Amino acid sequence: MMPWPDVTVVDACVRRDGRGGSPTAVTDDDPAATDADRRAVAATAGTSHAAFLGPERAPDGSRPVRFFTATAELSGCGHGTVAAQAVRLARTALDELKGRQHTGGRTFDTVAIRRPAGIEVWFDQGLVALRDPAPDEHTAIVAALGLTPDDPHPSDTPRIAAPGAPRMLIPVHDRSALLRVRPHLGSLTAACRRYGLLGCFVYVPPVGDRPGAARMFAPAIGVDEDVANANSTGCLAAHLLDTTGAQTVEIEVEQGDTLGRPSSVLASARRGPAGITTRVGGLAVVRGGH
């Protein structure tokens with residue numbers, strides 16, 4: 001494994017008071033590195049994910065960013081995008097940095113803004129496709145999660161949401177039901193691979209001014225439970241918009257409490273000519289080099 005200098009660790013999607021967040025390694029990419037080298041960076045830095053900032057600008061002004069866990073490259077990473085763009089702003093003397101990021105074959109707008117508690121980042125998630133799961137798909141995932149008959153939410157239903165990589169959104173009755181989820185990781189890995197799912201986002205919907213709550217399980221890509229899954233929060237905003245018939249939806253979802261790393265993700269969804277599009281945001285604290 002090649003040595004990798006100048007890795008910055010960022011707490012992405014911290015709570016409003018600056019606590020917690022998902023530790024994410026961010027570094028400049030090296031064209032001489034192999035993907036095995038990149039997969040090793042997250043483990044070496046003690047983070048679940050690593051973001052690699054490309055050295056060149058495309059003709060449209062975008063910069064490539066790649067994301068890796070210890071086991072695989074990801075086609076996208078929401079909290080990794082928050083971390084990557086926070087580092088880009090932190091390297092400047094600017095108060096705000098607008099840019100375009102190229103990841104997983106898609107180019108999208110980003111903005112990073114200095115705030116008293118950290119750096120706030122927003123990015124355009126793009127179109128989110130929604131569908132109902134097939135009965136066998138639903139049964140396999142619910143069984144792997146170990147949910148009881150009383151756990152499902154009484155007025156919401158599971159959906160498959162895909163901003164690129166599909167994942168299943170599973171609503172549960174309340175936060176106590178969310179805390180009780182104890183997935184069988186081997187069964188969940190097998191089911192996600194069988195149905196081509198990134199993972200499963202188990203959530204309690206937001207109510208009024210109270211944020212929602214969620215846990216993301218993605219053992220098929222090497223992340224048993226994610227501290228903050230920003231893309232899935234955007235997917236949830238799209239689902240809530242789709243089921244309520246509203247023109248716009250804005251939500252906050254708290255995550256990470258079961259891991260001792262409280263996090264918070266913001267998302268908005270709107271209807272457009274091509275379908276439902278979303279924006280996702282979070283506050284990041286740049287800790288420094290590793």
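These legends accompany close-up views of side-chain contacts in a predicted model.

**View 1. Arginine 16 and glutamate 252 meet in a salt bridge.** The N to O distance is 2.3 Å. Arginine 16 sits in the loop between strand 1 (8–14) and strand 2 (22–28), and glutamate 252 belongs to strand 15 (residues 248–255), so the contact ties together parts that are 236 residues apart in sequence. Arginine 16 is exposed, at 66% relative accessible area. Glutamate 252 is buried, at 10% relative accessibility. The whole structure holds 19 salt bridges.

**View 2. Arginine 66 forms a salt bridge with aspartate 35.** Their closest N and O atoms are 3.2 Å apart. Arginine 66 is partly exposed, with 25% relative accessibility. Aspartate 35 is also partly exposed, with 30%.

**View 3. Aspartate 132 and arginine 159 form a salt bridge.** The closest N and O atoms lie 3.1 Å apart. Aspartate 132 is found in the loop between strand 9 (129–131) and helix 3 (135–145), while arginine 159 is in strand 10 (residues 159–162), so the pair ties together parts that are 27 residues apart in sequence. The aspartate 132 side is exposed, at 55% relative accessibility. Arginine 159 is buried, with a relative accessible area of 9%.

**View 4. Salt bridges with shared partners build one network.** Its members are Asp29, Asp35, Arg38, Arg66 and Glu73. The link between arginine 66 and aspartate 35 is a salt bridge with 3.2 Å between the closest N and O atoms.

**View 5. Phenylalanine 52 and phenylalanine 68 pair edge-to-face.** A search of the whole structure gives 3 aromatic pairs. Phenylalanine 52 comes from strand 3 (residues 49–53) and phenylalanine 68 from strand 4. The two are 16 residues apart, and the pair links distant parts of the chain. Both phenylalanine 52 and phenylalanine 68 are buried.

**View 6. Phenylalanine 201 and tyrosine 203 form a stacked aromatic pair.** The distance is 6.4 Å centre to centre. The planes are 25 degrees apart; an angle under 30 degrees counts as stacked. Phenylalanine 201 is buried, at 0% relative accessibility. Tyrosine 203 is buried too, at 0%.

Methods:
Residues numbered from 1 in each chain as written. Predicted model: local features only at pLDDT ≥ 70, side-chain atom pairs only at ≥ 80, totals over all residues. Heavy atoms only, no water. Salt bridge = Lys/Arg side-chain N within 4 Å of Asp/Glu carboxyl O. Helix = DSSP H or I, 4+ residues; strand = E, 2+ residues; numbered from the N terminus. Buried < 20%, exposed > 50% of the residue type's maximum accessible area, 1.4 Å probe, protein only. Phe/Tyr/Trp six-rings, centres within 6.5 Å; stacked < 30°, edge-to-face > 60°.
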